[in-house]
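Here is a friendly briefing on the side-chain contacts and backbone details of one protein model. Take a look at the structure first, then read on.

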Amino acid sequence: MSRHISGEYDKELDSLQSTFTMLGGLAEQQLDKAMRAFLTNDSNLAAEVRATELQINRHAVELDRNATFVIARRQPAAADLRLVVGLLKNSTDIERVGDEAERIAKLSDQVSPYDSSRSYHSDLTEMHAKSSVALRNSLDVYARLDVENALKTIAADREIDELYDTVVKLAIDEMSKNHSTLTDDLSIIWVARSLERISDHAKNICENVVYLVHGQTIIHNVQ
């Protein structure tokens, strides 16, 4: 990020970046805790996820308010305007990551103890691992404005989509075999759906990196 004649303007932009970095870190922690809560039926950990969600929402509102102030007061030129608009978009995606993590945590209180012997277990845990990597990578490429790795992360989303389809199919197969576990198997589909959406939000952040660097908008399409 280039520096400006006004030191206060630089401080305002730095503050926006710092708030977003904090948001990203909270979202990563929240996703990890949410999946651990679900896999271990840990109600205390689920409560921590809900508390973190409140923090994310507060910081997202703060970022939105301060970004709007910068636009109104500074009337930023093209590059800075892309930066601020990108931060607003990214903040929305991180807030939605938090929403999905909270949904996963809530399910931990509504199902029977998780059974790791079920057919979908390995694919679900792989999906969680890849979604976590996608989120981490999206935050890293944003911090570095690394277009090359942003495009790689976007492309890798296809693997998560394929895992989602596999988990859903296996969960439906489990339902057809044993109706007594229907609620638990259905919860797996909801968890997988949340992980898939988290990956989509990570992809959105990577697309914003391309926009920030090149001023080029790509909609879920690697050029």
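## Side chains, charges and confidence

Lysine 89 lies over the face of tyrosine 211, 5.0 Å from the ring centre; a charge counts as sitting over a ring if NZ of Lys or CZ of Arg is within 6 Å of the ring centre and within 35 degrees of the ring normal. This is a predicted model, in which local features need pLDDT of at least 70 and side-chain atom pairs count only at pLDDT 80 or more, while totals for chains, interfaces and linings use all residues. Residues are numbered from 1 along each chain as its sequence is written, and side-chain values use heavy atoms, with hydrogens and water left out.

**Confidence**

- The mean pLDDT of the chain is 91, and 94% of its residues reach 70 or more; pLDDT is the predictor's confidence in each residue, from 0 to 100.
- Among the elements of the chain, H4 has the highest mean pLDDT (97) and helix H2 (residues 43-74) the lowest (92); helices (H or I, at least four residues) are DSSP runs, numbered from the N terminus.

**Aromatic pairs**

- The whole structure holds two aromatic pairs, where rings of Phe, Tyr and Trp (its six-membered ring) pair if their centres lie within 6.5 Å, and planes under 30 degrees apart count as stacked, over 60 as edge-to-face and the rest as tilted.
- Phenylalanine 20 and tyrosine 142 form an edge-to-face pair, because their ring planes stand at 70°, with the centres 5.1 Å apart.
- This pair links distant parts of the chain, with phenylalanine 20 in helix H1 (residues 7-40) and tyrosine 142 in helix H4 (residues 121-144), 122 residues apart.
- Both phenylalanine 20 and tyrosine 142 are buried; buried means under 20% relative accessible area, exposed over 50%, and partly exposed in between (1.4 Å probe, protein chains only).

**Two buried residues**

- Leucine 31, in helix H1, is buried at a relative accessible area of 1%.
- Beyond its neighbours within four places in sequence, leucine 31 is in contact (heavy atoms within 4.5 Å) with residues including Ala101, His128, Leu135 and Ile198.
- The C-alpha atoms of leucine 31 and valine 97 are separated by 7.9 Å, and the two residues are 66 apart along the chain.
- Aspartate 93 sits in helix H3 (residues 78-107) and is buried yet has no salt bridge, the nearest side chain of opposite charge being arginine 96, 5.3 Å away. Here Lys and Arg count as positive and Asp and Glu as negative, while His and the chain ends are not counted.
- Leaving aside neighbours within four places in sequence, aspartate 93 is in contact with His201, Asn204 and Ile205.

**Salt bridges**

- A search of the whole structure gives 18 salt bridges, each a side-chain nitrogen of Lys or Arg within 4 Å of a carboxyl oxygen of Asp or Glu.
- Glutamate 12 and arginine 74 meet in one of them at 2.9 Å, N to O, linking helix H1 to helix H2 across 62 residues.
- Glutamate 12 is buried at 16% relative accessible area, whereas arginine 74 is partly exposed at 23%.
- Glutamate 28 pairs with arginine 136, the closest N and O atoms being 3.6 Å apart; glutamate 28 is in helix H1 and arginine 136 in helix H4, 108 residues apart.

**Positive phi**

- Glutamine 75, in the loop between H2 and H3, has a positive phi of about 45° although it is not a glycine.
- Glutamine 75 is exposed, with a relative accessible area of 65%.
- Most residues other than glycine have a negative phi.
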